[in-house]
Amino acid sequence: MGILVDRNSKVIVQGMTGREGASHSRAMKEFGTQVVAGVTPGKGGTDFEGWPIYNSVAEAKEKHGANVSIIFVPPAGAADAVLEAAHAGMPLIVLITEGVPTVDMMRAVQEVKALDADNRAAGGQGIRLIGGNCPGLVTNGEAKIGIMPNKIYATPGRIGLISRSGTLTYEAAKLLNDAGMGTSTTVGIGGDPVIGTTFADVLPLFEADPDTDAVVVIGEIGGADEEAAAEYIASSMKKPVVAFISGRSAPAGKRMGHAGAIIMGNVGTPESKLAAFGAANVPVADTMPEIVELVKQALNK
């Protein structure tokens, strides 16, 4: 079944009536995801292609028993959309939007973490934010909450995949599919400097998942998330992990692609990430196709 989402997930789309929200709502429905409603303030009580539209997340959640919200809201309002979903008690929030101001994301992530702690203390299941600037997540053959191409994730597999990069996520999943292994759940955590869920947050879920045999981590230069992941792997993981680091040839001080992919001094360098994975006995692929070979070796296939 993979992690975080499955065929029982009930999804609302914040910003469903916009161009991106509409397009990806259709694609998620075609994948088989239970998309139950949309939220667009001011359009509550209307209908969009058979989906009811509500003015608030709280109303949509109450009416349909939704447990996932995906957000296609422009950058200026995206953090507020996250907080609306969090205050409504939505267990899983997926922020696709790119270009959210960093100060807004800092505020949203801090508040979501506080609400998560309060929710768990009261006996709830917690509140998790994935993203922003992410492709979302998908459990093969069961549910897609995001913008990934449907056909790559149609067949269930047993390799967990976590990535900061959207397009490299798709490439890795296709390579694993073509090799006959496939993926269980793919989680795109996002490439911004401030995100709601990190590698180290997702790895324990894969470690506990009986349908995942190994995990692929696709990182990139910038930040220290890969180093934190390596520390967790060394101390707590028994399942094999294979890594890939993109942007290794980027010159220091130059951002490559993602807002979080920038080396500042000795923080976020390729060398620090390679050293961390090396210390955790995690093999690092030099090319994307090499990921498949390293996974096979890790599983003795």
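I begin with a side-chain contact: the charged end of Lys29 sits over the ring of Trp51, 5.4 Å from its centre. By definition, a charge sits over a ring if NZ of Lys or CZ of Arg is within 6 Å of the ring centre and within 35 degrees of the ring normal.

This is a predicted model, in which local features need pLDDT of at least 70 and side-chain atom pairs count only at pLDDT 80 or more, while totals for chains, interfaces and linings use all residues. Residues are numbered from 1 along each chain as its sequence is written, and side-chain values use heavy atoms, with hydrogens and water left out.

Now the overall fold. The chain comes to 9 helices and 14 strands; these are DSSP runs numbered from the N terminus, helices being H or I of at least four residues and strands E of at least two. The C-alpha trace spans about 55 × 40 × 40 Å along its principal axes. For 301 residues, a compact globule would have a radius of gyration near 19 Å, and the chain agrees with 19 Å; this radius is taken over C-alpha atoms, and the globule rule is 2.2 Å times the number of residues to the power 0.38.

I turn to helix packing. Helix H3 (residues 75-87) packs with helix H4 (residues 102-121) at an angle of about 5°, their axes 9 Å apart. Axes are lines fitted to C-alpha atoms, for helices over the stretch in contact, and angles run from 0 to 180 degrees between N-to-C directions. H3 and H4 are therefore roughly parallel to each other, a term for angles under 35 degrees.

Glu226, Glu227, Ala230 and Ile233 of H7 make the contact with Ser272, Lys273, Ala276 and Phe277 of H8.

Finally, the backbone. Most residues other than glycine have a negative phi, and most peptide bonds are trans. Which peptide bond is cis here? The bond from Gly131 to Gly132 is cis, with omega near 5°, and Gly132 lies in the loop between strand E7 (128-131) and strand E8 (136-139). Leu4, in the segment before strand E1 (10-14), has a positive phi, near 70°.

How values were computed: Angles under 35 degrees count as roughly parallel, over 145 as roughly antiparallel, 65 to 115 as roughly perpendicular and the rest as oblique. Contact means heavy atoms within 4.5 Å.
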